[in-house]
Amino acid sequence: MSDQPLEAPWLRRATIDLGAYRANLRHLQEVVAPAELMAIVKADAYGHGAVPIAHAAAEAGVEWLGVLELANAHELRAAGVSLNLFAWQYAPTETFERAVSERIDLGISTLAQLDAVATAVTSVARAAAPDAGEGTPVDLPGLVHLSLDTGLHRDGATSDEWEAIVTRAVELASRGILRLRGVYSHLAEASDEEDTDAAVALTEAVGRAAELGARFERRHLTASSAGMERPELRLDMVRMGSNTYGIPVTDGVSAADRGLVPVMTLSARVARVKRIAAGTGVSYDYTWRAPQETTVALVPIGYADGIPRASQLGVGDVGAVGAVGASVALGGKRYPIVGRVAMDQFLIDVGDDAVAVGDEVTLFGTGAGGELTVGEWADLIGTIGEELCCDIGARVPRVYVP
Ligand SMILES: *Cc1c(COP(=O)(O)O)cnc(C)c1O
């Protein structure tokens with residue numbers, strides 16, 4: 001992804017409002033206090049650009065970033081980000097040396113991962129001080145957060161595996177090789193009752209771990225949804241992604257209802273304008289034909305940039321998917337996407353309005369210019385705002401408003 005100055009000539013771009021991001025973070029920190037807020041910046045900060053977003057998070061006073069992968073953690077360290085960085089998805093052959101050297105916090109859900117971290121700690125210590133004897137305290141212990149599966153059936157340790165993993169972690173911690181920085185799980189968000197059961201399972205597992213001698217520095221469980229709706233489940237830290245980008249996650253709740261502002265505005269400039277006769281088909285397969293004489297405008301952004309084909313206004317053979325379709329804003333007015341969304345472009349029907357080449361089209365944003373928010377666009381086509389933001393391609397330059 002390329003960053004681009006605001007004033008450069010442009011065809012399509014995603015404007016990232018870092019002030020809105022910082023304001024969202026400050027608001028969310030107040031909401032979840034006294035719990036801490038971990039800002040999730042995985043997937044290149046949900047398509048917003050991890051490095052500028054991480055620096056903005058630091059400015060807003062956040063102390064924890066969730067990165068998912070070690071490659072992202074290393075990228076942020078290289079960019080000078082000194083916050084706590086939490087990773088939790090690894091290659092099966094991961095060796096963790098660099099993670100230990102760079103003080104990355106590690107979500108751990110298997111004995112094999114725990115042992116690999118311990119081996120890495122020893123090897124980093126030996127490289128730093130080859131003459132140190134057995135039992136010399138290490139400068140860089142592994143920073144681990146044990147992960148428990150409380151029902152999502154993804155990466156956490158099962159309750160059968162829990163005792164063995166905790167026992168090993170306690171032993172390594174007693175030798176100074178690890179710090180038990182946290183214990184955590186992730187909710188399925190299928191129902192309040194099931195989330196409550198998951199929280200109880202985590203609490204019980206922490207109790208069993210305490211009997212085995214484990215004292216964790218913090219417990220974390222909730223993300224954007226339960227972190228907002230279920231204060232009693234916040235524990236010591238809440239991991240939020242969607243909310244921080246102003247993407248509401250609860251049905252029927254807008255960002256504004258939550259005191260949040262959408263951070264990404266996606267726009268493009270009209271590339272051609274054509275007058276067409278009634279009955280004229282446009283774009284591939286002629287899935288839309290003009291009901292009367294009208295003007296269509298070409299918007300140069302397509303599915304290669306992350307605009308789903310399902311965004312078009314559905315007519316004839318399109319069927320249920322895209323039956324409503326998304327619309328874009330131009331000059332404060334909404335216009336529907338007509339015909340197939342192609343790889344690099346789509347058309348909008350602007351009727352008899354005077355639209356010119358170079359006019360700015362907003363696909364989604366805050367709504368202030370009459371455009372849809374990303375959450376509204378997603379609702380219309382049966383997906384979620386996070387998916388749309390994450391899919392905005394590398395061909396769309398990100399432009400940062402400081
Ligand atoms: C992605 C993720 C989050 C953040 O989820 P949001 O719903 O975007 O807030 C939190 N925790 C884990 C483990 C995740 O994978």
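Analyst: A polar contact is taken here as a pair of N or O atoms within 3.5 Å, and please keep in mind that the model is a predicted one.
User: OK, how far is the ligand oxygen from a polar backbone atom of G241?
Analyst: An oxygen atom of the ligand lies 2.8 Å from a polar backbone atom of G241.
User: And which side chains come in, say around Y46 and R239?
Analyst: In the side chain of Y46, an N or O atom is 2.5 Å from an oxygen atom of the ligand, while for R239 a side-chain N or O atom is 2.9 Å from a nitrogen atom of the ligand.
User: How much of the ligand does the protein bury?
Analyst: The protein buries 88% of the 390 Å² that the ligand exposes when taken alone.
User: Which elements give two or more residues to the shell?
Analyst: Those are α2, spanning 42-46, and β9, spanning 237-240. The residues around the ligand include K42, Y46, W88, R154, H186, R239 and M240, and by class the shell has five nonpolar, four polar and three charged residues.
User: Which peptide bond is cis, then?
Analyst: The bond from A33 to P34 is cis, with omega near 10°, and P34 sits in the loop between α1 (18-32) and β2 (36-40).
User: Switching topic, what is the strand order in the open sheet?
Analyst: The open sheet has nine strands with mixed pairing, in the order β11-β14-β17-β16-β15-β18-β10-β1-β19. At its edges stand β11 (272-276) and β19 (398-401), each with a single partner strand, so one side of each is left without a neighbour in the sheet. From one strand to the next, the twist averages 35°.
User: How do β16 and β17 run, parallel or antiparallel?
Analyst: They run antiparallel, with two bridges joining β16 (residues 333-338) to β17 (residues 346-351); V338 has L347 in β17 as its bridge partner.

Conventions
Residues numbered from 1 in each chain as written. Predicted model: local features only at pLDDT ≥ 70, side-chain atom pairs only at ≥ 80, totals over all residues. Heavy atoms only, no water. Near = heavy atom within 4 Å. Polar contact = N/O pair within 3.5 Å; in protein donor to acceptor, adjacent residues only side chain to side chain. Areas by Shrake-Rupley, 256 points an atom, 1.4 Å probe, with all protein chains shown as cover. Helix = DSSP H or I, 4+ residues; strand = E, 2+ residues; numbered from the N terminus. Nonpolar A, V, L, I, M, F, W, Y, C, P; charged D, E, K, R; others polar. Pairing = 2+ DSSP bridges. Axes fitted to C-alpha atoms, helices over the stretch in contact; angles between N-to-C directions.
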